[in-house]
Amino acid sequence: MWSRRQEVDYALQRRATLEAARRPARALGPEVCDADPLLVRAAQHHGEDHDPPCPVCGERLVTLNYVFGEQLGQYSGRIRSTRELEEMQDEFGEFKVCVVEVCTDCRWNHMIRAFVLGDGVTRRPPRRQKTVEDIYG
């Protein structure tokens with residue numbers, strides 16, 4: 001993706017989380033395998049394969065690309081494939097992409113990367129289209 005900028009890699013935070021989980025005498029803290037059921041369901045249906053295995057259970061990992069931005073309008077906060085991101089970078093001026101890795105077996109999840117895409121030209125959000133909730137209440 002040619003317009004990728006402001007990239008933040010969360011590898012150090014991920015490593016610290018995994019090290020804290022592996023310590024035998026860890027203090028009571030948040031569980032590392034605590035993915036929301038909706039996130040796991042989204043990973044099962046929309047996830048793209050990720051090369052390394054799950055760091056907790058060794059099973060298959062998938063990634064999800066969430067997009068956010070004012071110029072996306074009602075489409076902000078949705079999941080997009082890598083192919084769709086390549087198309088979107090020419091259609092929108094600026095939007096943020098958050099890449100989350102998820103294991104559907106043990107429910108491990110972690111945001112691994114965040115970056116900004118877009119061609120830099122400010123645009124108005126697309127017109128709001130009616131959704132099923134608008135029609136049926």
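Visitor: Where does Arg107 lie?
Guide: In this predicted model, Arg107 sits in the loop between β5 (95-103) and β6 (109-117).

Visitor: Why is Arg107 called partly exposed?
Guide: The relative accessibility of Arg107 is 34%. Buried means under 20%, exposed means over 50%, and partly exposed is in between. The value of 34% falls in between, so Arg107 counts as partly exposed.

Visitor: What is the phi of Arg107?
Guide: Phi is about 75°. The value is positive, although Arg107 is not a glycine.

Visitor: Which strand holds Gln6, and what is the phi there?
Guide: Gln6 belongs to strand β1 (residues 5-9). Phi of Gln6 is near 50°, again positive in a residue other than glycine.

Visitor: What makes Gln6 exposed?
Guide: Gln6 has 58% relative accessibility. Exposed means over 50%, so Gln6 qualifies.

Visitor: And Gln71: where is it found?
Guide: Gln71 is in the loop between β3 (61-68) and β4 (78-80).

Visitor: How do you know that Gln71 is buried?
Guide: Its relative accessible area is 11%. The limit for buried is under 20%, therefore Gln71 is buried.

Visitor: Which residues does Gln71 touch?
Guide: Leaving out residues up to four places away in sequence, Gln71 touches Phe92, Gly93 and Glu94, and also Val121, Thr122, Arg123, Arg124, Pro125 and Pro126. Contact here means heavy atoms within 4.5 Å.

Visitor: What does the side chain of Gln71 reach at 3.5 Å?
Guide: The backbone nitrogen of Glu94. A polar contact needs N or O atoms within 3.5 Å, so this pair at 3.5 Å counts as one.

Note on methods. Residues numbered from 1 in each chain as written. Predicted model: local features only at pLDDT ≥ 70, side-chain atom pairs only at ≥ 80, totals over all residues. Heavy atoms only, no water. Helix = DSSP H or I, 4+ residues; strand = E, 2+ residues; numbered from the N terminus. Buried < 20%, exposed > 50% of the residue type's maximum accessible area, 1.4 Å probe, protein only. Polar contact = N/O pair within 3.5 Å; in protein donor to acceptor, adjacent residues only side chain to side chain.
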